[in-house]
Amino acid sequence: MSAEPTTIAPHGGTLVQRLVQGEERQVALGQVSRLPSLTLDAHGVADLGLLATGAYSPLTGFLGRADYLRVLHEMRLTSGLPWSLPITLRITDGAALRDTVALKGPDGTVLGLLDVRDVFTHSKEEEAQLVYGTTDAKHPGVAQLYAQGDSLVAGDVRVLEHPAPLFPELALDPADTRRAFAERGWRTVVGFQTRNPVHRAHEYIQKAALETVDGLLLHPLLGPTKDDDVPADVRVRSYRVLLERYYPRDRVLLAGFPAAMRYAGPREALFHALVRKNYGCTHFIVGRDHAGVGNYYGSYDAQKIFDRFAPGELGVQPVCFEHTFFCRRCGGMASPKTCPHTPESHVTLSGTKVREMLRSGVLPPPEFSRPEVVQVLADGLGGARMTWSTLVSTLRRIGGLLRRFTAGVQPWDWDELPVRHWWDVYTK
Ligand SMILES: [Zn+2]
C-alpha cells in the first residue's frame with residue numbers, strides 16, 4: 001500500500017464542473033434577456049447547485065428520457081453506471097421549449113442556462129412507485145413529485161450563479177472536501193449523512209466507523225426538509241458544540257450537504273453514498289431506515305439495496321449499522337449485536353418523542369443525548385426554559401427520584417433523568 005494520501009475517484013472517473021466563470025459568464029449573462037426562462041423551486045435550485053460543483057458527477061444536467069427510464073427501472077444510467085434517483089426538472093408545459101432557456105431562482109435571480117435536449121412526459125405514479133415504493137400522496141417525496149408539472153425538461157446546464165449557501169462557512173464543494181482530505185493525509189474517509197441532531201447513538205456509530213478509517217466527514221443535509229424536522233440553524237449549533245466537546249479536531253470535517261431531502265429510503269441511501277463518493281468519501285455509513293419516513297420502508301432495506309451491485313461498481317463502501325442505544329446494564333452504547341440484555345435496560349427515544357419532550361420543557365436523559373446538545377436543542381425549539389411551571393414540575397420529578405432512590409431502586413431501573421445530570425444540564 002502506498003503511503004501517499006489518495007482520494008477515491010469521482011463516480012464515472014471525472015469530477016464534473018458546470019460553473020461558468022470569467023468572460024464566458026459575461027457573454028452568457030448578456031444573452032439572458034433574449035431567452036425564455038423557467039423559475040426553479042427550492043428543490044430545483046438545490047439540484048442545480050449540486051450539478052454545478054460535480055456533487056452529482058457524472059451528471060452534467062437534468063436527465064433525458066433514456067437515462068430517466070433506465071434509472072427508474074434498473075437504477076443505472078444508460079452508460080451502465082449505478083444511479084438511483086432521477087434528477088429531473090419538471091414544469092407545467094414544456095412543448096414550446098427549445099434551444100437555450102434561462103433558469104431563475106424563486107426570487108427572479110438568473111442562476112444558469114439549460115441547453116434543452118429533450119422534453120418528455122412520463123407517469124408520475126410509476127415514478128412514485130419505483131422511486132419511493134408507494135403512490136401514497138401523504139409520503140412527502142411523493143407529494144413533492146405530484147405538486148410538480150407534467151413535462152420533464154432535459155439537457156446540460158451551465159451555472160452562472162452558485163446558489164448562496166445557508167451557512168457559508170460550511171459550504172465546501174466536492175473539490176474543497178477532496179483537497180481538505182488530501183491536506184490532512186486522510187486516505188480513507190467515512191461519510192455520515194444526517195438531517196437530525198446527532199444523539200449518542202449516532203455519535204457511537206460515527207466513532208465505531210472512525211476507528212477503522214482515517215477521517216470522518218460529518219455531512220448534515222442543509223437543503224429543504226419536512227417542516228417538522230429540526231431547523232437547520234439549530235442543528236448546526238448542536239453539531240458544533242458536540243464536535244468541540246467530544247470529537248478530536250484533526251479527525252473530523254464538518255460541512256453542509258446542500259441537497260433537498262427526498263425521503264426515498266433505500267434509493268436515497270444509495271444516492272447519498274454515490275454523491276459522498278464525489279465528495280471524496282471511501283466509506284459511507286448506512287443506518288437503520290436511512291432516509292426513511294413513516295413506515296414506508298423496512299428497517300434494513302436501505303442496507304440491502306447495496307447488495308444489488310458488485311462492490312467495484314459503486315466504489316464507495318457502505319458501512320452498515322444496526323439500531324444502537326445506551327444500555328444501562330452494559331454501562332455503555334451497544335446494539336443487538338453486542339448487548340445481551342432486554343429492551344427495558346435500553347435508553348431509546350424516537351425523534352418525535354424527543355421534540356415533544358423539548359417543547360414541553362422535559363429534557364432527554366444524558367444516556368440518550370449529550371447535555372450540551374440537549375441545551376442547544378431546547379433553546380432552539382423554544383422549550384425547556386426555566387419557567388415557574390417547569391420549575392414546579394422539575395421539583396416534583398426530583399422529589400419522585402429521591403423517593404425512589406431512598407427506596408433502594410437500582411439505577412438501571414430508573415426511567416427518568418438522574419438528578420446529577422439534570423443539574424448539569426441546567427447549570428452549564
Ligand atoms: Zn446491555
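**Close-up views of a predicted model**

**View 1. Pro58 lies in the loop that links helix 2 (42–53) to strand 2 (61–62).** Helices (H or I, at least four residues) and strands (E, at least two) are DSSP runs, numbered from the N terminus. The peptide bond joining Ser57 and Pro58 is cis, with omega about 10°. The model is predicted: local features need pLDDT of at least 70, side-chain atom pairs count only at pLDDT 80 or more, and totals for chains, interfaces and linings use all residues. Residues are numbered from 1 along each chain as its sequence is written.

**View 2. Met75 is found in the loop between helix 3 (65–74) and strand 3 (90–91).** Although Met75 is not a glycine, its phi is positive, at about 60°. Met75 is buried, with 20 other C-beta atoms within 10 Å. A residue is buried if 20 or more other C-beta atoms lie within 10 Å of its own, exposed if 12 or fewer, and partly exposed in between; C-beta atoms are placed from the backbone.

**View 3. Tyr263 occupies the loop between strand 9 (252–254) and helix 9 (266–278).** Tyr263, a residue other than glycine, has a positive phi near 60°. Tyr263 is buried, with 21 other C-beta atoms within 10 Å.

**View 4. Helix 8 (residues 232–246) packs with helix 13 (residues 371–380).** Their axes are 9 Å apart, at an angle of about 160°. Axes are lines fitted to C-alpha atoms, for helices over the stretch in contact, and angles run from 0 to 180 degrees between N-to-C directions. Helix 8 and helix 13 are therefore roughly antiparallel to each other, a term for angles over 145 degrees.

Notes:
Parallel < 35°, antiparallel > 145°, perpendicular 65-115°, else oblique.
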